[in-house]
Amino acid sequence: MLKITKQINTNPPVLPTDASELGFGKTNSAHMLLADFGSGKWHNHRIVPFSAIDLHPFSTILHYGAQVFEGLKVYRAKNSGLRLFRPKENLKRLNNSAARLCLPQIELADFMQMLEEFITLEKDYVPTAKCTSLYLRPCIFGSDDTLGVYPPKTAKFMLVASSVGNYYKGGLKPVKILVETEDIRAAIGGTGHTKAGGNYAASLRATQKAITAGYDQVLWLDAINRRFIEEVGAMNVFFIIDGVAVTPALTGSILPGITRMSCIELLKSKGIKVDERQITINEVVLANKSGRLTEMFGTGTAAVVSPVGTLGYNNKQHVIGNNQIGEITSYLYDTLTGIQFGDSKLGDPFNWIYKVL
Ligand SMILES: *Cc1c(COP(=O)(O)O)cnc(C)c1O
């Protein structure tokens, strides 16, 4: 067992009473958890009041972007219990990301203990309104105090939390996506399969361009051929073509989403064929023209499932599924959120839920 010291916040922030004011990532909870890495091990695990942190101006994170992170939610079930969705998968991915960036990894037992003690203290920040949650953001970053370029010898772990509202205030709504043909998100051999903060920094310009052009997000193509579909914004992507669920195979430049993996398992268990393969933007456009493409959606922890209603490509707009929410899209959204929020009819058929309190 780790020893985690606790310094209680005597002036904790108050959650807005109207959950629709929450939004995403705006409000912080009362505390944060920190740990330091040095001499080959993690030490000084501590929960302290949420506050600014001290960083040496030479810190590796500030100059070379040595940072990896995760995102997961604490859900409040109807019977008021608090639960996580597949948290061990988050740690597995955090450690894979850390290994790619030469950052130190974390033991599973330590991670789960840190989550449990932190959530127990922050339980009142898990909102009660429908489809709201407490979003957890664990991250690891290099903190060496020299400008030399080498794998960090010292690092910090930080866990912060934000109460977040329902992603879909007015209900599930189809989004408009612009195919990005200039910038790329990731290349094979790079860091696209990791949650490295720098991936996001490099994606902002394309996203900004899409928003200026009246779209919500970007559809990323592969770095070499600019033909194969990779992801949609910071979500994995699925297409329903001739009743088969097609999703890009994990070639190395695509983030292995936990929602993606869960959707694949749900689809298969419902008897829907899942094809993990390469798929080109031309195939999608043609399948849409001939009516064989009936649904397209993104998957990720923040939005769960996000239907795509319009695809902009080469100055043309392609409307998908009459800009309506498809049957399979709704099924996945309802089933996943049902399992996460403890809908008694569904239970936890795949053993995905980790109860905390
Ligand atoms: C986090 C993330 C996803 C979704 O992963 P989940 O585990 O489903 O939340 C997809 N793509 C990118 C680029 C991401 O960073």
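Okay, so let's start with the shell around the ligand: its residues split into five nonpolar, five polar and four charged. Here Ala, Val, Leu, Ile, Met, Phe, Trp, Tyr, Cys and Pro count as nonpolar, Asp, Glu, Lys and Arg as charged, and the others, Gly among them, as polar. Before I go on, this is a predicted model, where local features need pLDDT of at least 70 and side-chain atom pairs pLDDT 80 or more, while totals for chains, interfaces and linings use all residues. Numbering runs from 1 along each chain as its sequence is written, and side-chain values use heavy atoms, with hydrogens and water left out.

So, who's around the ligand? There are 14 residues surrounding it, the closest being Lys195, Tyr200, Glu231, Thr259 and Thr301; the cut-off is a heavy atom within 4 Å.

Now the polar contacts, meaning pairs of N or O atoms within 3.5 Å. Glu231 puts a polar side-chain atom 2.5 Å from a ligand nitrogen atom. From the backbone, an N or O atom of Ala234 is 3.3 Å from a nitrogen atom of the ligand, and one of Ile258 is 2.8 Å from a ligand oxygen atom. On its own the ligand has 380 Å² of accessible area (Shrake-Rupley, 1.4 Å probe), and the protein covers 95% of that.

And the pocket? The ligand's space is the largest pocket, with more than half of the ligand's atoms within 2 Å of its grid points as the criterion. That pocket holds about 1,100 Å³ of space, counted as the space filled by probe spheres set on the points. Pockets are open sets on a 1 Å grid over the protein atoms alone, for a 1.4 Å probe, with protein on both sides within 12 Å along at least five of seven lines, and lining residues have an atom within 4 Å of a point.

Notes. Polar contact = N/O pair within 3.5 Å; in protein donor to acceptor, adjacent residues only side chain to side chain.
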